Amino acid sequence: MKILNKMRFISLQTTLLTLAIVAVPTTCMASQQRVITNNRFAVLAGTTITNTGNTSINGDVGLFPGTALTGQESLSLNGNAQLANATANVAKTDLITSYNGDVITPATCIPTELGGKTLTHGDYASGSGTFEITGTLTLDAKGDPNAHFIFNTASTLVTATYSNIRLINGANPNNVIWRVGSSATLQTYSHFEGRIFALTSITVNTGASVRGQLLARNGAVTLDSNKITNSAKFIH
């Protein structure tokens, strides 16, 4: 009987220890930069910007060092095209600074799938190295106009078809930063909020909309019948 009770006590201790470990938030170390100096660009790429279908862009588009902006005949641009010029060069330098960051702070590790979650002000990192959004991700500023939402992923960011990012209680897309270690893909008819700083490329598939900025450091930005509004320039 004493042995049985001892075994039960050890089992209970193990269970409580497991629960305690689960209850403690996992912390990642993540680089973060909350703002980009040059806010005028809705789309910025390193190599090419390719458009298919009727796309509207509110804000400038830029390329550096690349020069190829294709599909302009079906692109409605409420802004300027800055192609491999001094303005685009400055923006590219700003993007590199923002991507690299100048502050290292602890970030909360969260699972890959962000859909169905409501998150408040904070710095977040993907424990698996990738982020996905299926359904709706809600970002709640709780009435704080300066609330920032920083997302760091070592590899990819992929949104599902018809997925959505919903901002509530004063959340500002200009304060939603997505730092992507490789490339981002926004699937068809998804709605995205925030500023993507991608190391490589960004693909925005048919009918997807963006309120924010698409900034691809080394690669291309590919568009297809999209609506993109630069929140930094048009939202105050």
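**Surface.** I looked up the accessible area of this predicted model. The chain exposes about 10,800 Å², and 57% of that area comes from carbon and sulfur atoms. I then checked burial: of the 236 residues in the chain, 47% are buried.

**Confidence.** I read the pLDDT values next. The chain mean is 86, and 81% of the residues reach 70 or more.

**Elements and contacts.** I listed 3 helices and 23 strands for the chain. Among contacts with a separation of 6 or more, 53% are between residues 24 or more positions apart.

**Open sheet.** I traced an open sheet of 7 strands, with parallel pairing. The strand order is β6-β3-β22-β20-β18-β15-β12. Which strands stand at the edges? They are β6 (68–70) and β12 (131–133). Each has a single partner strand, so one side of each lacks a neighbour in the sheet. On average, neighbouring strands of this sheet are turned by 5 degrees against each other, direction ignored.

Within the order, I looked at the pair β3 and β22. Strand β3 covers residues 48–52 and strand β22 residues 221–224; the two pair in the parallel sense over 4 bridges. Thr-52 stands opposite Asp-224 in β22.

**Thr-159.** Is Thr-159 buried or exposed? Its relative accessibility is 2%, so Thr-159 counts as buried. Leaving out residues up to four places away in sequence, Thr-159 touches Ile-133, Thr-185, Leu-186, Gln-187, Ser-190 and Phe-192. I noted a polar contact of 3.3 Å between the side chains of Thr-159 and Ser-190.

**Strand β4.** I went on to β4, residues 55–58. Thr-55 and Ile-57 make up the covered face of β4, while Ser-56 and Asn-58 make up the uncovered one. Which strands does β4 pair with? One is β7 (residues 75–78), in the parallel sense over 4 bridges. Another is β23 (residues 227–229), in the parallel sense over 3 bridges. On the β7 side, I found Leu-77 as the bridge partner of Ile-57. On the β23 side, Thr-229 is the bridge partner of Asn-58.

Definitions and conventions
Residues numbered from 1 in each chain as written. Predicted model: local features only at pLDDT ≥ 70, side-chain atom pairs only at ≥ 80, totals over all residues. Heavy atoms only, no water. pLDDT = per-residue confidence, 0-100. Buried < 20%, exposed > 50% of the residue type's maximum accessible area, 1.4 Å probe, protein only. Contact = heavy atoms within 4.5 Å. Areas by Shrake-Rupley, 256 points an atom, 1.4 Å probe, with all protein chains shown as cover. Pairing = 2+ DSSP bridges. Axes fitted to C-alpha atoms, helices over the stretch in contact; angles between N-to-C directions. Polar contact = N/O pair within 3.5 Å; in protein donor to acceptor, adjacent residues only side chain to side chain.
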